[in-house]
Amino acid sequence: MNSRRLLIGCDFTYVAVISTPVIFQVQPAEDPLISLQDPQWASEPAIAIRGYTDLYGNPCVRAVLPAGKSSFRYSAVATVPDATEDADEDAPELTPDALPDNTLIYTLPSRYCLPDVLGNEAWSRFGTLPPGYRRVQAICDHVNSHLTFQYGSTTALSDAADVNLAQRGVCRDFTHLAISFCRALNIPARYVFGYLPDMDVPPDPAPMDFAAWMEVWLGDRWWTFDPRNNIRRKGRIVIGRGRDASDVAMATTFGGPLLDSMTVQAEEQIQAGEVAG
């Protein structure tokens, strides 16, 4: 399989009144199809970090932001397959009693995903559709057309029911709603967030940001679905997986520092004489 190289990373600038502990979750998770070269952490002033793995297997780092202004950056070069994620329209759903034990947690309500609240709507809209991959795609089609993408339309308190009612949100909200509908139908679905470059698609004029999508258990494996973009994409690099966005926050601060700025990079590295794509 051919591969392509991406420049990935992010830069946070904070202003803190007092020293503030923080957890960053911005480095890619291990993936046999993706290799990382020259991963680097940098900060100004120099900040000590130490890594750990959370209960979902996601890599995280801990640090303490000093009082005053500070910046924190991660960067790497990632080699990714020149291919979209797998798909199989015949992948079957499993009955709850046949699901693997470790998928059951992804059928339950969580902080932002509310299959119990949205269950009646899920069954009325999708309950008569043939179970399997195509039904999950129908859920994504509905969420993609039902919601309008709009920055600033939701807050850290907005859950899937709020978004469904307001009909607006950002990629994490699209994902929370689609996950809620899947879980209401007893289909395990988990939240995924990471880097998503504009590879072989029209470039998005908005500033680059982290992206959110979901993975759904069908047959004997997890499959990628993207309710926000609703197409298969190249270059996805997973940072973390969990029940919803609360499990994989890019930064968790134990205090109230001001996030002064944030930039995200996920773009193809073009060598001299090369042409993208």
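Trainee: Which residue in strand 14 does L7 stand opposite?

Mentor: Keep in mind that this is a predicted model. Strand 1, residues 3-16, takes in this spot, and it pairs with strand 14 in the antiparallel sense over ten bridges. Look across from L7 into strand 14 and you land on E267.

Trainee: And how many bridges join strand 1 to strand 6?

Mentor: These two strands run antiparallel. One place to look is G9, which stands opposite S75 in strand 6. The count of bridges joining strand 1 to strand 6 is 14.

Trainee: Moving on to pockets, how many nonpolar residues are in the lining of the largest pocket?

Mentor: That pocket holds about 1,100 Å³ of space. Of the 40 residues lining it, V170, C171, D209, F210 and A211 are the closest to its centre. Helix 4 (171-184) and strand 14 (258-268) are among the elements that each supply at least two lining residues. By class, the lining has seven polar and six charged residues, and the nonpolar ones number 27.

Trainee: What about the second largest pocket: which strand gives the largest share of its lining?

Mentor: Here there's about 660 Å³ of space, and of the 30 lining residues the closest to the centre are D31, L33, E85, T224 and R241. The lining has 14 nonpolar, five polar and eleven charged residues. Strand 6, strand 10, strand 11 and strand 12 each supply at least two residues. The largest share, four residues, comes from strand 11.

Terms used. Residues are numbered from 1 along each chain as its sequence is written. This is a predicted model: local features need pLDDT of at least 70, side-chain atom pairs count only at pLDDT 80 or more; totals for chains, interfaces and linings use all residues. Side-chain values use heavy atoms; hydrogens and water are left out. On a 1 Å grid over the protein atoms alone, a cavity is a set of points where a 1.4 Å probe fits but cannot get out, and a pocket is an open set with protein on both sides within 12 Å along at least five of seven lines; lining residues have an atom within 4 Å of a point. Grid points are joined across faces, edges and corners, and a volume is the space filled by probe spheres set on the points. Ala, Val, Leu, Ile, Met, Phe, Trp, Tyr, Cys and Pro count as nonpolar, Asp, Glu, Lys and Arg as charged, and the others, Gly among them, as polar. Two strands pair if DSSP finds at least two bridges between them.
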